[in-house]
Structure formats: C-alpha cells, structure tokens
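My entries follow in the order in which I made them.

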Amino acid sequence: MGSQNPKRSSGGVPAALEAKIERLDGEILRLVQERARLYVELQKHRTGELVVPTVLPEAQDRVAELVQDSPGPLSEGILRSIMREIRSGCRALVRPTRVAFLGPLYTYSHLAAIHAFGQSVEFVPVGSIAAVFEEVHRRQADYGLVPIENSTDGRIADTLEMFTRLPLRICGDVELEIHHALLAKCPRQEIQEVYSRPQALSQCRNWLAKHLPQARTFEVTSTATAAQLARDKPGAAAIASVQAGIYYGLDVLADQIEDNPGNTTRFAVIGHHSNPRTGHDKTAMLFQTEHRPGALAEALNIFKRNRLNLTWIESFPVPGQKRTYLFFVEFEGHETELRVRRALKALQRKTLRMEILGSYPITLPVQ
C-alpha cells in the first residue's frame, strides 16, 4: 500500500488546526475583497467620480496604530507590508498611480518607492534626480521619489537644487535603513573590481579596505547599474541591496557591509499638493536672508519664539552668487496651524525669498 497523506488521514489536533487555517484563509480573502469594494464606493461618494486622492496614499492612514494594537507572532514589518499591499491594490482599482524614481529597478530609490506606495502602481524609472522632478512637473507622473539626505554623507545636492528650480511640493518622506551587500557571480578571492554609486562606496570604504584591499573601485550612476555590471563582467562585484542581487541573479557574498550600522537615507515624495493636517506633521521650506551680520540668527529665532522644533537645516549656495545661501529647514507642525502661520508671516518680513515646500505626516524609519 502506498503511504497516505498524514494531514488528511491522521485526524485529531493537526487536522482540526489545518481545517481552521483554511477557513481563516477564506475569511481573510473575503474581507480583503469587501474592503476593496468599500474603498471604491467611498471614493465615489467623496468626489462623485473615480479619481486619485490628491495626497500621499499613506498620509492619513492608521496602519501604525493598527499594527501596534495587534500583538502576535508576526513582526511589525510583516504586518505593515501586508497592509501596504492591500491598500495599494485598492487604490489601483480607482486609478493607476504613476511614480517616478531614480532607476533602474531595485535601486534604493525603487525600494523606498515600494515602501511608500506598495507594488500596485506603475513605476517609472528615470536616469537622474532632475528627470524625476521633470516627470512630475510635466504631470507625466503623479508622484516622484528622490533622496534628500543620508545619515553618513549628508545632503543630496542634486535634490536641493531642483527644489530651487521647480515649484513642486513635498507630500511625504520615507526614511529607509540602508544595508549594503557585496554581490557577485564569482568567489570573493576572484574579485578584481567593485562597482557602485559614489555614496555606497563611501559608506563601505572601511569594509572594502579590510576585506578587498586588492580590488579597484569604480563609480557608476546607480547600485542597480553596478549589479548589472557584476552580472555581465567576469571578476566584477557590486555594492547594492540584497533585493538587487536577487533580481539580477547574483550571489550575496557578504551582507550589511556598511561601516555605519545606523546608515539611513531619507527620501522625499514630491507632487503637486500638500497633505491635510493629521496632528502629527512636519513642514519643509526654504528661505534666503540678507547678507549681513545676524540676519540668519534673527530668522531662526522666529522658530524659537513660536516653539517650533527644527528637525532639519541645510545651507545651499545660490547659483551664480558668491557667498549667498539658501537655507532649507524642516520643523514640527503643519502649515495650516496658527502658530506656524504666525511664524511664517514673521519670517517673510526677515527674508528675501521664502517658499513652503510642503507639510506631511511624521513617519518612522523603515527597516
């Protein structure tokens, strides 16, 4: 006699548990479909027609609260991923969303875009940060995602420059923990060249000096491009994400090789609208002061007087003007709040140029 399927024939506790799991699977799918129907109905009642919401999809959701109120064996990250994809799929029923990012696929910008929007969107990889801004500005994409600062290397100058040129808004941000991996199709001892973006090479310089002192490093436009080279070129390796290694068929020879284990990159989601107030928001802006002693101190003192906590400040040289700077700042609060409006009105009197870049919810780093 052939062996029987123990799951179906043994009876008792295992069979009962399996039957209960199957019933729950069916109930989960039924509830997901019901949620999708309700979401579409909600959009009809809100607008009278099916349109894409004018704010970042995750702007007002309660995923963080729901996850924290759901203790159990599944991790917070897994629960967030499940909810993100359910919501992404529901939004796609209303109308597909186009999201531009610095490509190719499986760069860190792509991974951040997935975390922000889920995978039920149309991703538009482009070749430069400027091209991301242009796609959104021309309304060829609904949103764009651009790196704005890194905890190791600081500001991303290309992004700041584009904010001075085009009138786009920051709709949200994604702070992504950056974990670099050494990827190749050959053993480590055969690696002669290592490719990656300049920032990634800089963030792994000590590890490379210790473990691959014989290998030459080469800068390329993206970590995904580096992975493609490692796939196609003998003796070549790439520093990129594990996900890029899987996508391009590379072996992970070493993981988390970044010198700073707390390495994060913050990405700005750009679009044409700000988000409504949630009660837990930040506002970003840029301004230029007169070139005289105390001008910057006077401007910053306005934030102190109005009890607005600064969370980010960067100086950026004004193109074509020596020793003249723009200042990018971010502070806690929404641009519609009374104390914020009071501060902005006072700041306008102290500045030569002032622009609000947007208000958006405070988010937690993505692991």
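I take buried to mean under 20% relative accessible area, with exposed over 50% and partly exposed in between (1.4 Å probe, protein chains only). This is a predicted model, in which local features need pLDDT of at least 70 and side-chain atom pairs count only at pLDDT 80 or more, while totals for chains, interfaces and linings use all residues. Residues are numbered from 1 along each chain as its sequence is written, and side-chain values use heavy atoms, with hydrogens and water left out.

Strand β9. I take strands (E, at least two residues) and helices (H or I, at least four) as DSSP runs numbered from the N terminus. I found 5 of the 5 residues of β9 (residues 236–240) buried, so the strand is largely enclosed by the rest of the structure. A236, A238 and A240 point one way, and A237 and I239 the other.

Its partners. I count two strands as paired if DSSP finds at least two bridges between them. β6 (residues 181–184) pairs with β9 in the antiparallel sense over 4 bridges, and L183 stands opposite A238. β7 (residues 193–196) pairs with β9 in the parallel sense over 3 bridges, where Y195 has A238 as its bridge partner.

Helix α4. I noted L79, R84, R87, S88, C90, R91 and V94 as buried in α4. Seen down the helix axis, the buried residues fall within an arc of 165° (taken from the directions from the axis to the C-beta atoms), so they line one face of α4.
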